[in-house]
Amino acid sequence: MNANTSASSKPPAPRRSDWPFWAGLWLLAAFYTLLIVAMLAADAAFTTPGQFWRALQSREIRYAIKLSLASSGLTTIFSLWVSVPIGYLLARVNFPGKALVDAILDIPIVLPPLVIGLSLLILFQTPPGQFVQRFIPITYAIPSVIIAQFTVACAFAVRTMRTTFDQINPRREQVALTLGCRRSQAFWLVVLPEARRGVLTAATLAWARALGEFGPILVFAGATRMKTEVLPTTVFLELSVGNLEAAVAVALLMVAAAVTVLVLIRCYGAEEPMGKLL
Amino acid sequence: MISVEQLSVRVGHFALANVSFSVPTGQHGFLMGKTGTGKTTLLEALCGLRPITGGKVSLMGREVTHLPPAARGIGLVPQDGALFPHLTVREHLAFALALRKWAPAAVEQRVQELAEWLQLGKLLSRKPAGLSGGEAQRVALGRALSFRPDVLCLDEPLSALDEETRAEMCGVLQSVRAHTGVTILHVTHSLADARKLADCVLLLKDGQVVRREA
């Protein structure tokens with residue numbers, strides 16, 4: 001009797017639909033996605049295939065394409081070389097001052113690109129920097145392009161590799177050690193194969209950053225055509241002489257390259273169900 | 001036999017001091033205790049995976065305190081097996097043997113031997129993602145025993161298994177003892193498992209290990 005009365009005196013549960021919540025999420029998603037698509041569509045609509053191919057015929061732009069691809073490629077390789085060991089060290093070892101080193105390694109990500117370029121320029125004006133330049137010309141020459149790209153790209157690669165190794169259970173390496181591995185063997189035979197998806201992500205990020213790097217290269221390497229001109233520099237130079245069509249054509253070239261790489265990564269990532277990072 | 005004398009280990013804020021215990025050769029010793037008391041830490045220290053701050057570890061009469069894990073001759077089956085996702089079952093069983101540069105024919109023979117004994121014959125070309133819990137545990141066991149270690153360390157090998165698979169695994173563990181004469185240190189908090197398999201029971205409580213009658 002009591003239970004019945006208390007049940008009937010309870011207010012009815014509020015009946016509210018979830019649709020405003022979902023509508024809000026979809027709206028925001030649509031907004032940002034459409035912004036990106038609209039941006040690219042505007043670019044594509046601005047230029048014609050004719051202008052596109054004409055741009056590709058230009059000697060300067062061809063050089064810039066070659067330099068961009070070569071320098072990003074080299075930067076990616078150097079970045080992996082450096083970021084894989086650093087990422088592993090940070091993920092596995094606790095050393096005094098680790099938090100500080102961690103923060104320092106993040107600096108190239110947050111520092112304004114122009115500041116990075118300026119700092120590199122000044123670094124190579126110092127006595128040690130000048131000493132190095134007696135053997136290899138750096139400032140305003142091709143090596144500076146790679147150094148500028150590497151300084152930023154590697155920071156992203158380190159972040160990625162740190163996360164990758166953090167997510168790999170150290171138990172597997174421990175078992176490998178008991179089975180007879182030295183530390184280095186455990187790394188090559190057990191950890192690295194498991195990390196290959198992360199390595200691919202790090203390589204992609206590094207390559208994409210290197211390809212698109214502009215600020216540091218402008219300051220440190222200059223914008224000399226047929227020498228230190230990379231594709232972003234081309235866009236800048238064409239823009240600054242009012243040649244909007246050529247600038248957009250080159251921009252579209254870079255979009256095409258970026259999208260191709262992204263699609264390739266997604267396809268490869270979808271082949272194995274164990275992909276964690278992409 | 002496994003012999004630990006006055007072992008001290010520190011992990012972050014957690015520390016064990018002056019722990020001593022032993023497991024006679026060929027016996028299946030159970031190390032039991034409530035969760036969080038340090039059983040896994042002790043196991044890791046035994047295997048050389050944790051730096052110790054004091055004490056002595058001896059296996060089969062040989063002091064191994066300062067030896068790297070690779071030189072101690074211990075097979076380890078950690079919690080959840082820790083199989084290598086990119087290797088097939090066959091490669092798991094051959095892993096330790098390839099490291100020791102065994103001849104391919106000898107490796108294949110040993111792999112077949114282990115596969116037959118642990119009923120892994122049909123699974124040799126599968127990767128860990130395609131294995132059930134019980135199958136994965138048997139692979140982990142096979143991997144740990146492949147190089148004929150003197151000591152086998154098991155960390156909660158049965159806890160993630162269902163009743164039926166658990167009973168099967170108990171059978172497998174009994175046959176391990178009969179087959180190989182290996183000395184086993186089995187960490188668990190399950191009394192039922194101890195009752196079925198233990199030759200001696202060690203209880204880790206308040207930072208000390210005491211021997212209990214099996």
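Predicted model: local features only at pLDDT ≥ 70, side-chain atom pairs only at ≥ 80, totals over all residues.
Two residues are in contact here if their C-beta atoms, placed from the backbone, lie within 7 Å.

Let me begin with chain B as a whole. Chain B has six helices and ten strands. Its radius of gyration is 17 Å, close to the 17 Å that the globule rule gives for 214 residues, so chain B is as compact as a globular protein of that length. Along the principal axes, the C-alpha trace of chain B spans about 45 × 40 × 30 Å. Of its 214 residues, 45% count as buried. If you take the contacts in chain B between residues at least 6 apart in sequence, 70% of them join residues at least 24 apart.

Now the sheet. Six strands of chain B form an open sheet, in the order β6-β7-β8-β3-β9-β10, with mixed pairing. What is the bridge partner of F30(B) in β8(B)? The partner is H186(B).

Helix α4 of chain B, residues 133–145, touches β6 and β7 of chain B, and its direction makes about 165° with that of β6(B). At 1.5 Å a residue, the 13 residues of α4(B) should span 18 Å, and the end C-alpha atoms are 18 Å apart, which agrees. Is α4(B) mostly covered or mostly uncovered? It is mostly covered, with eleven of its 13 residues buried.

The buried ones include R90(B), H92(B), L93(B) and F95(B). Part of what covers the buried residues of α2(B) is α3 and α4 of chain B. Just after α2(B), K101(B) takes a positive phi of about 60°.

One loop residue next. G33(B) lies in the loop between β3 and α1 of chain B. With 18 C-beta neighbours inside 10 Å, G33(B) counts as partly exposed; the cut-off for buried is 20 or more. Leaving aside neighbours within four places in sequence, G33(B) is in contact with K39(B), H189(B), L203(B), L204(B) and K205(B). The C-alpha atoms of G33(B) and L202(B) are separated by 8.5 Å, although these residues are 169 apart along the chain.

Last, the contact between the chains. It takes 15 residues from chain A and 18 residues from chain B. On the chain A side, α9, residues 170–178, and α10, residues 183–194, each supply at least two residues. Which element gives the most to that side? That is α9(A), with six residues. The residues on the chain A side divide into seven nonpolar, four polar and four charged.

How values were computed: Residues numbered from 1 in each chain as written. Chains lettered and ligands numbered in written order. Helix = DSSP H or I, 4+ residues; strand = E, 2+ residues; numbered from the N terminus. Nonpolar A, V, L, I, M, F, W, Y, C, P; charged D, E, K, R; others polar. Pairing = 2+ DSSP bridges. Axes fitted to C-alpha atoms, helices over the stretch in contact; angles between N-to-C directions. Rg over C-alpha atoms; globule rule 2.2 N^0.38 Å. Buried ≥ 20, exposed ≤ 12 C-beta atoms within 10 Å, placed from the backbone. Expected span 1.5 Å × (residues − 1).
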